[in-house]
Structure formats: structure tokens, C-alpha cells
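Hi everyone, thanks for making time this morning. Have a look at the model on the screen, and I'll walk you through the parts I looked at.

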Amino acid sequence: MIRITDTIALEDWEVTESFIRASGPGGQNVNKVSTAVELRFEAERSPNLPDAVKRRLRRLAGRRWTKDGAVVIQVEETRSQARNREIARERLTELVLKATDEPKRRIKTGVSANQKRKRVAAKKKRGEVKALRGKLDGEE
């Protein structure tokens, strides 16, 4: 069980891990040992996640969200399978935790009367500067 918050905990059946061969450094070891971790979390079927959190998680997961509603996290950072497994679980926890944060509603604000006054004054001044550039009366 992975505990996210006091109210949200992910059950063991929701998270599956498979180990695959990693690319990168490791010499002959990389060809023999499956150290990379592919963690799969069945988010859409999870009874522990509220619908709002599922929607935000889907948006945050991006390409990691599959068609059948699972979040797939792949980690092959270290040569240690155990460490890669820890990193994958940490990333899943961070992702779900980020999805639990409700975004604040934006409150529309109007332009203040003073700002409108300043804008009009600036436009008027600019207009006067441009008007002075023209030809003077009596000049040809």
C-alpha cells in the first residue's frame, strides 16, 4: 500500500511493477539484468481517488496516461533495480499528490479608475507631441 495523504492510499492491486532491461551504462550487466522498472497505476479504476483528482491526474500525466486509464512510469536511472523501484514509487506519489491540490479560482478584477485616467493622460500627451511635429502655419 502506498499512502499519499490521510484520505488517499493506493492499494497493492492498483499498482503493478514489471522489470525490463535498461539501456545505457552497465557493460555486460546491462545485457543480463533487468534493472529498469515500469510501474503501472490503474488510476481510472481506482476507488480511492475522487473524480476531480482523476481528471487533474490525467491532465498532469500527459503521455504517461494510457487509453485504458492507467499511468505508466518508467525509470532506468540507476543500475540498482531496488533504487529504480523506489524512484518510480516516489514519482507516482508526487504526481498523485500534485493532482490532489485544487487550483485556486481566478477572481476577475477590473481596471481601476486611476489607471484609466493615467492611460488617457498618456495618450493625450503623446498626441500633443505628435501634433507639434507637423508643419507650422505660414510655412511652405
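Let's begin with S3 and S4: six bridges join these two strands, and they run antiparallel. When I say strand, I mean a DSSP run of E with at least two residues, while a helix is a run of H or I with at least four, and both are numbered from the N terminus. One example of a bridge pair here is Glu17, whose partner in S4 is Leu39.

Before I go further, a word on the source: this is a predicted model, where local features need pLDDT of at least 70 and side-chain atom pairs count only at pLDDT 80 or more, while totals for chains, interfaces and linings use all residues. Residues are numbered from 1 along each chain as its sequence is written, and side-chain values use heavy atoms, with hydrogens and water left out.

Put together, that is an open sheet of three strands in the order S3-S4-S5 with antiparallel pairing, where pairing takes at least two DSSP bridges between two strands. On average, neighbouring strands are turned by 20° against each other, direction ignored. Helix H3 packs on this sheet and touches S3, S4 and S5, with its direction at about 30° to that of S4. For those angles, axes are lines fitted to C-alpha atoms, for helices over the stretch in contact, and angles run from 0 to 180 degrees between N-to-C directions.

What about S5, enclosed or open? Four of its five residues are buried, so S5 is largely enclosed by the rest of the structure. Buried means under 20% relative accessible area, exposed over 50%, and partly exposed in between, with a 1.4 Å probe and protein chains only.

On to the largest nonpolar core, with 23 residues, of which Leu10, Phe41, Leu57, Val71 and Leu92 touch the most other members. Such a core is a set of buried Ala, Val, Leu, Ile, Met, Phe, Trp, Tyr and Cys residues joined through side-chain atoms within 4.5 Å. H3 gives the largest share, six residues. Leaving aside neighbours within four places in sequence, Phe41 has contacts (heavy atoms within 4.5 Å) that include Leu10, Leu57, Val71 and Leu92.
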